[in-house]
Amino acid sequence: MANKAQAQRERLEALLEETRLYPPTQEFRKQANWNDAFVYERARKDVESFWAERAESLAWIKRWDKVLDWKPPAAKWFVGGKLNVTYNCVDRHAASTRRDKAAIIWEGEPGDSRVLTFGALEREVNRCANALKSLGVKKGDRVAVYMGMTPELPVTLLACAKIGAPHSVVFGGFSAESLRERINDAQAKVLVTADGAWRRGNVVLLKANADEALRGAPSVEKVIVLRRVGDKAPCAMQRPRDLWWHDLVDKAQDQCAPEAMDSEDVLYILYTSGTTGKPKGVVHTSAGYLLGTSVTHRAIFDVKESDVYWCTADIGWVTGHSYIVYGPLANGCTSLMYEGSLDYPDRGRFWQIVAKYGVNILYTAPTAIRTFMRWGTDWPNQHDLSSLRVLGTVGEPINPEAWMWYHKNIGRERCPIVDTWWQTETGMILISPLPGLTATKPGSATKPFPGIEAEVLDERGRPVGPGGGGYLVLTRPWPAMFRTIYGDPERYERQYWSRFPGKYFTGDGAKVDADGYFWLLGRVDDVMNVSGHRISTFEVESALVDHDAVAEAAVIGKTHEVKGQGIAAFVTLKEGVTASDKLKHELREHVARKIGALARPDDVFFTLELPKTRSAKIMRRLLRDIAEGQVLGDTTTLADPGVVAKLKTQYEEEGLVD
Ligand code: WTA
């Protein structure tokens with residue numbers, strides 16, 4: 001961990017010089033949903049009634065008996081309560097004055113768009129729910145979802161939640177093999193997919209990947225296929241397994257009673273990368289998750305009834321689950337979803353969408369902001385961005401320069417920025433400014449949300465004083481926290497709750513400054529953060545050694561100006577295999593095929609040997625020193641210190657150090 005610590009120290013030093021402070025304007029403060037600072041104190045004193053009061057605004061089938069049952073690390077929230085998440089997100093709004101209000105605005109490629117009102121969404125969701133039922137899906141059965149960003153994706157999620165079938169969404173950029181692994185782990189009964197998806201004018205072959213995945217996934221009995229790209233993709237329907245969405249869903253009945261779900265019934269499973277090669281199925285349950293996402297959404301984005309809110313994430317990730325689908329819709333908010341990419345058809349696409357729909361709240365990722373920075377201000381300047389009121393970021397630490405650029409060029413110095421820290425596991429935002437209350441500092445996620453207690457600890461579990469760096473932990477349960485790892489409760493305990501007993505270990509480094517502000521410093525484990533996507537070094541290593549030419553591989557995250565981190569792979573080849581540029585290319589493509597394009601290494605470096613300790617452990621931290629062009633850290637535990645010195649010289653000679 002030493003050179004990670006060094007990188008973090010450097011970020012820390014840079015941040016310590018950051019003294020700019022942006023308090024909310026009087027005007028913003030006055031109109032803000034949350035503008036009484038007492039809320040922090042109130043939540044600290046009695047966290048259970050703080051959440052219980054807010055839970056009153058959800059629609060319950062049966063009220064809870066007990067707010068929290070906490071036997072670390074097992075948490076149950078709203079024990080004994082019953083509700084239906086979809087009823088809360090859709091039906092109750094459809095039955096109100098919001099019936100004709102836009103629930104989902106969809107901006108598609110190429111040139112498609114569609115608006116679903118709460119009334120229309122209710123009917124679509126019911127049809128989809130009835131279609132799933134007709135395939136034998138019952139409460140508790142898992143439904144895998146592998147789709148692009150079309151309205152049918154949130155419709156499917158909400159249909160699953162309506163009938164109590166946990167969904168497991170697999171991001172459309174993942175490979176057949178990654179899909180198969182996730183389907184098998186969840187033992188999904190049905191898969192919902194599409195013939196293809198649009199990506200920069202090209203087609204992503206979803207159904208072909210799904211077919212390949214299903215060759216080794218016997219739990220799946222039926223497949224629903226949405227026609228999205230038509231004759232642009234080959235789509236072999238396998239009868240009687242495969243059914244077209246338009247045959248099945250469009251013809252289904254549009255009434256469906258919501259299933260009464262226990263507060264703690266599973267809402268969904270979502271796979272994320274951990275510190276081993278095997279992705280973890282993060283399990284979220286119903287009531288606490290719905291409450292946590294909706295309350296934070298309303299408070300942090302200061303959402304108003306007539307707002308158009310746009311979170312640019314893909315629903316394949318947790319940000320899309322919590323802040324495109326569940327949180328916003330529970331609040332009866334208009335949620336915009338976009339199918340395409342940043343630069344298609346041109347680099348002004350985001351700003352054109354903001355202007356077209358009069359977007360009021362924009363929630364995006366630092367990697368996107370850094371890309372926009374590179375493209376220059378002409379693009380946003382060509383569009384009317386005056387509708388924007390609040391700007392958000394998520395996914396990775398934001399550097400103060402990118403924060404300032406966002407503030408100046410997108411927010412025109414009027415819009416508060418909320419830098420929101422959270423994780424797939426936390427389900428909801430946990431550290432963030434409240435835009436009407438918090439004076440923001442560029443690069444800081446500021447303070448834990450009311451009711452959340454976070455600490456920074458040293459190696460031995462002692463709190464680190466102001467200014468010092470350490471491990472970020474959470475010391476109290478929160479409603480939207482994940483409850484377990486699907487099928488592996490032991491891993492849940494071991495990985496998250498035993499490093500500092502009774503405390504949740506986030507895997508992130510952080511520091512708290514003298515004002516009590518949190519500054520996130522990046523992961524302290526073997527998880528990389530590439531363009532805001534979590535990828536484990538072990539996953540990429542396993543994909544590399546799976547190739548016939550490779551003997552051994554060591555993978556590290558290397559600082560990248562736009563992506564946050566890029567992937568660098570050090571590879572030794574088998575006897576008799578010759579290193580070549582062609583092989584490099586082939587290995588990169590092999591990883592993309594095995595995992596998905598998001599895991600494609602930026603650099604592959606061939607070496608005769610990898611630096612190892614005397615007990616044969618690969619020393620990744622030294623590889624990181626090499627890749628970052630740093631002075632080598634401690635090499636005394638190496639079996640052969642000569643290996644690493646030679647490697648460093650070769651690496652520099654190849655010009656791979658930026
Ligand atoms: C990182 C995404 C700094 C962090 C919601 C965390 C952040 C991981 C921030 C979770 C932020 C997320 N500042 N770092 N505002 N938000 N991270 O599970 O390292 O895809 O542990 O959830 O992203 O990524 P995940």
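Which residue in β8 is the bridge partner of Y146? I looked this up in the predicted model. The partner is T193.

**Entry 1: β6 and β8**

Strand β6 covers residues 143-146, and strand β8 covers residues 190-194. The two run parallel and are joined by 4 bridges.

Next I traced the sheet that holds them. I found 8 strands in an open sheet with mixed pairing. Reading across, I noted the order β12-β11-β8-β6-β7-β14-β15-β23. β12 (242-244) and β23 (484-485) stand at the edges. Each has a single partner strand, so one side of each lacks a neighbour in the sheet. As a reminder to myself, strands of a sheet pair through backbone hydrogen bonds, either parallel or antiparallel.

I then looked at what β4 pairs with. Strand β5 (residues 113-117) pairs with β4 in the antiparallel sense, over 5 bridges. W106 has R114 in β5 as its bridge partner. The two strands make a hairpin, with 5 residues between them. In that turn I picked out G111, which has a positive phi of about 80°.

β4 also pairs with strand β17 (residues 334-338). Here the sense is parallel, and I noted 4 bridges. E107 stands opposite Y338 of β17.

**Entry 2: the ligand**

Which residues come nearest to the ligand? I listed D419, T420, T424, D508 and R534, out of 17 residues around it.

I sorted the shell by class. It has 6 nonpolar, 6 polar and 5 charged residues. I also asked which elements supply at least two shell residues each. α12 (318-330), β20 (417-420) and β25 (518-523) each do.

Then I went through the atom pairs. An N or O atom in the D419 side chain is 2.7 Å from a ligand nitrogen. For R534, an N or O atom of the side chain is 2.7 Å from a ligand oxygen. E396 uses its backbone: an N or O atom there lies 3.3 Å from a nitrogen atom of the ligand. How much of the ligand does the protein bury? Taken alone, the ligand exposes 520 Å², and the protein buries 96% of that.

Conventions
Residues numbered from 1 in each chain as written. Predicted model: local features only at pLDDT ≥ 70, side-chain atom pairs only at ≥ 80, totals over all residues. Heavy atoms only, no water. Near = heavy atom within 4 Å. Polar contact = N/O pair within 3.5 Å; in protein donor to acceptor, adjacent residues only side chain to side chain. Areas by Shrake-Rupley, 256 points an atom, 1.4 Å probe, with all protein chains shown as cover. Nonpolar A, V, L, I, M, F, W, Y, C, P; charged D, E, K, R; others polar. Pairing = 2+ DSSP bridges.
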